[in-house]
Structure formats: structure tokens, C-alpha cells
Amino acid sequence: MVVQAYILIQTDVGKAAEVATAIAQVKGVTLAEDVTGPYDVIVRAEARNVDELGKLVVSKVQVLDGITRTLTCPVVHI
């Protein structure tokens, strides 16, 4: 079963569009949009399991230039 999550991202001032464009190229990311509000970019991502999702966030997303904070929200399927 695939694990899906929303990743809420805060960026440096003026970096939201650049970060969204860069994240959209990451394998496992299905959607990346720059938005207004308390977060600057919202990402929809998927992975084979929770461990792979964690690795995606830590090694592929958080390392991108311009990101200051992330919050990962796994999707709950009932």
C-alpha cells in the first residue's frame, strides 16, 4: 500500500516559487504549489511506506535551498 502525505513548507522570503519548482522535480512528489498563508509551499507526496516517506522528506526535500521548516501530514485512509 502506498503512503501519501502533504508536506507543508515555510521558505525564506521570496523563495516560495523557486522551492515549489525544485520540489516538483523530486521523485515521489505528485504536486507542489506555492500558496499564501502560514505556509509558503504545499506538496503532495507518496512513498512505498512510512520509512520511505521519512527518507524522502529528510534527504530530498529538507535539503533544498530556501526551506526553513517542514511539517509532514500523512493522509489517513479510513
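Two strands count as paired if DSSP finds at least two bridges between them. Helices (H or I, at least four residues) and strands (E, at least two) are DSSP runs, numbered from the N terminus. What you see here is a predicted model, in which local features need pLDDT of at least 70, side-chain atom pairs count only at pLDDT 80 or more, and totals for chains, interfaces and linings use all residues. Residues are numbered from 1 along each chain as its sequence is written, and side-chain values use heavy atoms, without hydrogens and water.

Four strands make an open sheet in the order 2-3-1-4, with antiparallel pairing. At its edges lie strand 2 (29-34) and strand 4 (67-74), each pairing on one side only.

Now look at one pair of neighbours. Strand 2 and strand 3 (residues 41-47) are joined by five bridges in the antiparallel sense. Within this pair, Leu31 faces Arg44 of strand 3, and Asp34 has Val41 as its bridge partner. The two strands form a hairpin with six residues between them, and Gly37 in the turn has a positive phi of about 120 degrees.

Angles run from 0 to 180 degrees between N-to-C directions, using axes fitted to C-alpha atoms, for helices over the stretch in contact. Helix 1 (residues 16-24) lies across strand 1 (3-11), strand 2, strand 3 and strand 4, and runs at about 170 degrees to strand 2. Helix 2 (residues 50-61) also packs on the sheet, where it touches strand 1, strand 3 and strand 4.

Key. Contact means heavy atoms within 4.5 Å.
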